[in-house]
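The following paragraphs lead through a protein model, from its surface to its overall fold and confidence. Please keep the sequence and the coordinates in view while reading.

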Amino acid sequence: MKLAAASRLLRGPLRGWVVPRAHISAKPAKTPTSPSEQAAALTVTFVSFLIPAGWVLSHLESYKKSSA
């Protein structure tokens with residue numbers, strides 16, 4: 001089967017799909033986020049990235065030993 005025919009087979013079902021548009025509003029939020037909520041969200045976000053990275057970096061030597 002040629003590449004053009006295969007791509008037509010794959011593209012066919014996608015033609016009927018309608019991608020919904022994002023609802024973007026330029027208005028301010030109805031309930032503003034308090035500074036403590038913002039701090040908690042930032043803390044959770046940073047911790048969720050830093051703890052796994054710290055774990056890997058602290059165990060890097062054992063990873064090197066086990067892969068050799």
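Which element gives the most residues to the nonpolar patch? The answer is α2, with 3 residues. The patch itself lies on the surface and is formed by W55, V56, L57, L60 and Y63, which together have about 500 Å² of accessible area. Two elements, α2 (35-58) and α3 (60-67), each give two or more residues to it. A patch here joins residues with over 30% relative accessible area and no salt bridge, nonpolar side chains (Val, Leu, Ile, Met, Phe, Trp, Tyr) being linked within 5 Å and like charges within 9 Å. Accessible areas follow the Shrake-Rupley method with a 1.4 Å probe, and for residues only the protein chains shown count as cover.

The model is predicted; local features need pLDDT of at least 70, side-chain atom pairs count only at pLDDT 80 or more, and totals for chains, interfaces and linings use all residues. Residues are numbered from 1 along each chain as its sequence is written, and side-chain values use heavy atoms, with hydrogens and water left out.

A search of the whole structure finds 1 salt bridge, defined as a side-chain nitrogen of Lys or Arg within 4 Å of a carboxyl oxygen of Asp or Glu. K64 forms it with E61, the closest N and O atoms being 3.7 Å apart. These residues are 3 apart in helix α3, so about one helical turn separates them. K64 is partly exposed, at 49% relative accessibility.

The protein comprises 3 helices and 0 strands; helices (H or I, at least four residues) and strands (E, at least two) are DSSP runs numbered from the N terminus. Of its 68 residues, 0% count as buried. Mean pLDDT, the predictor's confidence in each residue from 0 to 100, is 84 for the protein. Confidence is lowest in helix α1 (residues 3-11), at a mean of 74, and highest in α2, at 96.

Key. Buried < 20%, exposed > 50% of the residue type's maximum accessible area, 1.4 Å probe, protein only.
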